[in-house]
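Here's a quick briefing to read alongside the model. Have the viewer open and follow along.

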Amino acid sequence: MKENKTKHHSNQRKSEVFQVTHRICMMQCNPMPGPGMYHGDVGDLRFSGSHVESGSVRERRDGLNTRQIRFDPSYLDFNEQSVGMPRIKTVTIINPNTEQSLHLQSISGSTVHFHASFFQAKIVQPLGNTTFEIVFLARLVGNVENTLFIHTSKGVYPYQVFGVGVPNPYRLRPFLGARVPVNFSFTSLINMHNPFNSPIQVIEMYSSGGDLHLELPSGLEEAPQKHWEIPPYETKALMRVSFEGRSPNNHTAFIRIKTSNATPVTEFLILPVEVEVTAVPGLFPSVDLLDFGTLRTMDEPKAVGVYLLNSGPKQVHISSIIAEPANNAVSVTFTPLNLKPGNKYIKVATVTFSAYHVKRSRQSNGKIQIKTNSKTALKLELPYQANVLQGTIAYSVSKTRFYVGKPPFVPVIRELPITNTFAFTMVIYDAAFPPEVESLFSIINFTKPAMISPQKTSTPFYVQFLANGSDTAFSTILRVYTNASIFTIPIHCYDGKVKYIIDGLEEDIVDYGTVGTREKRTKLLKIYNTNPVEVTISKITCNVDFASVKLLDVRLNGSKNNNNNTSSSKVNELRKSEHVKVRRIKGTISTFNH
């Protein structure tokens, strides 16, 4: 049995070939007489769709022969299995007849989640048995139930199979539902997540099928060894999937991935790729799914563009693009437009997903509905999804501020308690400052990895600061690497000094120049507090004869709302904020004749 493969190695052992055994032989890309149908040496294997067993199938099953053959086990339950990670189990067929042999012909069914191998033996002798294997390859999250039919010389026998698809730990997904016009291609990135606390290495990656290709995201022919290594709890774009739509049909192919840190159940992952190639003109989206990836509650909203191709002979008016059902976590930026025919995908809208507004799990997925005036496609639907992790890390902001005093400087060591607001245990496997500030900041007393239970507070490490000058005042970030995300914590060191400008200019002195007799001249002095803490101004005085100062207001930088209350009890503190506070002072000098 031959297979047309596109193969990418993560090492130099070109001679190693990733073998797919007879247990999943239906996954080989042999010529098929029809969509989802495979003919082998022993009967045929038909999988034409994915659905739960219907009432009509049950009625057929009730009229089938169920006593002249026995199965062990009597039914097969795969329980929970990750999407894209095949699970294989063996079923024994027993011939209870003491005189007649049982001839096995074929297995049929209507599912894309379950696949069956050939029978170990074509003929089962009286009181004998043989086996075949069933592969459960979950494509979607949720319950799957179906019935396989065993065709024999004694009749057709039903066999029930069950399974539950759960999210893939590597955050991989099948590519299902893509549509492209003939002679166009479908492309998408394979983003792989490392769920372990140590690096994993992708050893091999294969594609089956002559029209399905794997390319490096960079477009180069080869990648360094480091490209195939995924650090703990991080996600990396490994390959680009490209399917060439050469002929109109429903095409199915597979991508197989092998890693150095395999699960106990299987050593590889299998991702189905289904693409509909059609010669019928119409509107086509550039992707099969708007995937917003993994987001945390406090993450910034993530925006993804919607690109469409008009392969028809006339322009199409796009009147509306909305989320269906309505979802306050999803917003669409769109202006009605006429999409002209062409051979390029054109951006028609931007869809933004805000994890902060997700209150229920059903808000994490839905469809983007595109309405047009096209007679062939009045409505186009594009699914979207996001993996939302409800929670974040919380910490005391006061612990992130370091005051720079006068020399001699001594190390300042401060604990940084972190609260885990996620619903799962958070693993902190590293924490680091940017290289340019490592001479000033360091992490100490950190035992890796540190784990914090849900809704608990712990101090995984301490921050040490050592100033090297009195004018050391700047802000940096501390990166905290966790199994939920890489979080950045702002860190500030400050000297407590305020800054000022005079009439909009940075000057060292307030220079009034030459002032004539009985002339009055005024300068506007703005004082800025760039420190991350409040600075108290106890007194404002002037020791120049015939000069006076007056406080005008205290306000946020750029604010137009003045606070003209000059009471000392109200204005003695120049407060810090997310914006710089400004104190405006008017200085006036007057001269007189003596």
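Two strands count as paired if DSSP finds at least two bridges between them, and strands (E, at least two residues) are DSSP runs numbered from the N terminus. This is a predicted model, where local features need pLDDT of at least 70, side-chain atom pairs count only at pLDDT 80 or more, and totals for chains, interfaces and linings use all residues. Residues are numbered from 1 along each chain as its sequence is written, and side-chain values use heavy atoms, with hydrogens and water left out.

**Strand pairing**
- β12 (residues 155-166) runs parallel to β5 (residues 76-82) over five bridges, with Asp77 bridging to Phe162 of β12.
- β12 also pairs with β11 (residues 142-152), this time antiparallel, over eleven bridges; Phe149 sits opposite Pro158 there.

**Nonpolar core**
- A nonpolar core is a set of buried (under 20% relative accessible area, 1.4 Å probe, protein chains only) Ala, Val, Leu, Ile, Met, Phe, Trp, Tyr and Cys residues joined through side-chain atoms within 4.5 Å.
- The largest one has 29 residues, and Ile190, Met192, Met205, Ile255 and Ile257 touch the most other members.
- β20 (268-278) gives the largest share of this core, five residues.

- Most residues other than glycine have a negative phi, and most peptide bonds are trans.
- Pro407 and Pro408 are joined by a cis peptide bond, omega about 5 degrees.
- Lys448 to Pro449 is cis too, with omega near -15 degrees.
- Asn445, not a glycine, has a positive phi of about 55 degrees, and lies in the loop between β35 and β36.

Key: Helix = DSSP H or I, 4+ residues; strand = E, 2+ residues; numbered from the N terminus. Buried < 20%, exposed > 50% of the residue type's maximum accessible area, 1.4 Å probe, protein only.
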